[in-house]
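Subject: Structure handover

Hello,

Here is the structure we talked about. Please open it and keep it beside you while you read the notes below.

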Amino acid sequence: MLLVLATSASSGKHFHLSISSRLFPGIAATIRQSLLAQDCILCQSACGDRLLCEPCERELPASACACPRCALDGAGDIECGSCLADPPHYDASCAAFTYAYPVDALIQALKYGGQLALAGFFAHKLLQRIGPASGIDLIVPLPLHPARLAERGFNQAAEIARALSRASGVLMDARVGKRVRNTAPQTGLPWRDRAANMRQAFSCERDLAGLNVAVVDDVMTTGATLNEFARTLKQSGARRVQNWVVARTPPGV
């Protein structure tokens with residue numbers, strides 16, 4: 001049953017119009033689409049109940065093949081030379097997109113503009129890329145320091161992780177890890193200094209013995225933050241840690 005708020009032409013009073021979707025499926029569907037209709041957040045063309053129209057969604061940049069460990073673009077789906085020479089603490093990474101326009105603008109709209117509906121969109125695209133989340137025991141969002149969380153009002157990684165948990169059926173726990181040092185923003189540091197900036201930035205008090213953990217974040221740049229968090233989780237017993245990120249920054253950017 002679809003309830004629609006209508007207005008009487010004679011009295012001007014509001015009333016609810018009840019449309020049976022069973023008896024009048026075509027009418028109910030048309031009204032539902034009109035009530036939920038919106039414009040594409042990128043090109044402003046009509047896209048029904050979607051956030052992005054199909055043409056814009058098809059144009060979102062993504063890597064055809066990448067290193068399975070760090071998710072950097074590569075010539076094939078094999079570990080890159082950097083991961084072979086100096087293996088990170090995490091075991092795998094998967095990125096839905098490449099961090100380039102307009103994905104960067106969409107992430108910023110979620111992160112700084114409070115467009116929380118994008119969290120569900122990102123989760124959906126991540127699951128399309130990952131496939132069935134078999135073998136994952138726990139989804140954990142990359143934690144924010146309490147000061148940063150108070151400033152922003154929400155953790156974008158937690159919003160994406162929550163949507164991933166609902167869609168995949170895998171438990172999500174945002175309390176597994178804590179950010180104990182309010183580090184300087186990574187974006188303002190040279191690449192070579194980012195690992196040192198993140199050292200001892202996290203803690204984990206939960207016993208993760210034998211668990212396969214998926215860590216969720218919005219952007220993976222050098223991987224220093226995720227690497228330090230993976231180290232912390234493995235110190236708490238995690239058997240395997242993989243990163244699920246919305247976007248991976250291309251090399252040299």
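**Overall**

Keep in mind that this is a predicted model. The mean pLDDT of the protein chain is 83. A value of 70 or more is reached by 77% of the residues. One covers residues 1-24, with 36 contacts in the model beyond near neighbours in sequence. The other covers residues 27-36, with 12 such contacts. Where pLDDT is low, the predicted coordinates should not be read in detail.

The chain has 253 residues, and 44% of them count as buried. Its secondary structure comes to nine helices and eight strands.

**Helix α5 with α7**

Start with helix α5, residues 117-130, and helix α7, residues 156-168. Their axes lie 8 Å apart, and the angle is about 55°. On the α5 side, the contact is made by A119, G120, F122, A123, L126 and L127. On the α7 side, it is made by E159, I160, A163, L164, A167 and S168. By class, this contact has nine nonpolar, two polar and one charged residues.

**Helix α4 with α5**

Helix α4 spans residues 103-111. Its axis and that of α5 come within 8 Å and cross at roughly 135°. α4 and α5 are therefore oblique to each other. This crossing is left-handed. L106, I107, A109 and L110 of α4 meet L118, A119 and F122 of α5. By class, the contact of α4 with α5 has seven nonpolar, no polar and no charged residues.

**Residue L208**

Next, find the loop between β6 (202-204) and β7 (212-220); L208 is there. Is L208 buried or exposed? Its relative accessible area is 0%, so L208 is buried. Which residues does L208 touch, not counting those up to four places away in sequence? They are L138, V176, L233, S236, G237, A238 and R239. Look at L138 in particular. L208 and L138 are 70 residues apart along the chain, yet their C-alpha atoms are separated by 9.3 Å.

Best wishes

How values were computed:
Residues are numbered from 1 along each chain as its sequence is written. This is a predicted model: local features need pLDDT of at least 70, side-chain atom pairs count only at pLDDT 80 or more; totals for chains, interfaces and linings use all residues. Side-chain values use heavy atoms; hydrogens and water are left out. Axes are lines fitted to C-alpha atoms, for helices over the stretch in contact, and angles run from 0 to 180 degrees between N-to-C directions. Helices (H or I, at least four residues) and strands (E, at least two) are DSSP runs, numbered from the N terminus. Contact means heavy atoms within 4.5 Å. Ala, Val, Leu, Ile, Met, Phe, Trp, Tyr, Cys and Pro count as nonpolar, Asp, Glu, Lys and Arg as charged, and the others, Gly among them, as polar. pLDDT is the predictor's confidence in each residue, from 0 to 100. Buried means under 20% relative accessible area, exposed over 50%, partly exposed in between (1.4 Å probe, protein chains only). Angles under 35 degrees count as roughly parallel, over 145 as roughly antiparallel, 65 to 115 as roughly perpendicular and the rest as oblique. A crossing is left-handed if the near helix is turned anticlockwise from the far one by less than a right angle, and right-handed if clockwise.
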